[in-house]
Amino acid sequence: MNLNFMDIHPTSSETSGKIEWWAEGGYHVLDDTDIPYATTYYHDIALDCGGNTYEQAVLNFAKNVWLQTHGMLKDKEARRDAIFERWAKDSGCESD
């Protein structure tokens, strides 16, 4: 996995009202040798995580990347895939 995209931003917790840090990201989709000027990144919601501090969010994201690389994030990947299947069905974009 070649991780090229990561966005860290503060968000307000719905349950506690305190500020938490949220990490989202994914990997590069297109090969730069095919289209050198294109930058397309994939937001993999299975990697999403958070933390009470910026550093904790970054470490939790890195942990999720490691777990996914080693095939140990199957539950989150299954939930991600179910969300996309539901979205495709609801939007009429199902693949044949």
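Tutor: Glu-77 and Lys-74 both lie in helix 2, three residues apart, which is about one turn of the helix. Helices (H or I, at least four residues) and strands (E, at least two) are DSSP runs, numbered from the N terminus. This is a predicted model: local features need pLDDT of at least 70, side-chain atom pairs count only at pLDDT 80 or more, and totals for chains, interfaces and linings use all residues. Residues are numbered from 1 along each chain as its sequence is written, and side-chain values use heavy atoms, with hydrogens and water left out.

Student: In what do the side chains of Glu-77 and Lys-74 meet?
Tutor: They form a salt bridge, at 4.0 Å from N to O. The term denotes a side-chain nitrogen of Lys or Arg within 4 Å of a carboxyl oxygen of Asp or Glu.

Student: Is Glu-77 buried or exposed?
Tutor: Glu-77 is buried, with a relative accessible area of 13%, whereas Lys-74 is exposed at 53%. Buried means under 20% relative accessible area, exposed over 50%, and partly exposed in between (1.4 Å probe, protein chains only).

Student: How many salt bridges does a search of the whole structure find?
Tutor: The search finds three. One of them joins Arg-80 to Asp-44, with the closest N and O atoms 2.9 Å apart. That pair links distant parts of the chain, 36 residues apart: Arg-80 is in helix 2 (residues 74-91), and Asp-44 is in the loop between strand 2 (19-27) and strand 3 (49-51).

Student: Which residues are linked in a network?
Tutor: Salt bridges connect Asp-44, Arg-80 and Asp-81. Arg-80 and Asp-81 meet at 3.0 Å, N to O. Arg-80 and Asp-44 are buried, while Asp-81 is partly exposed at 34%.
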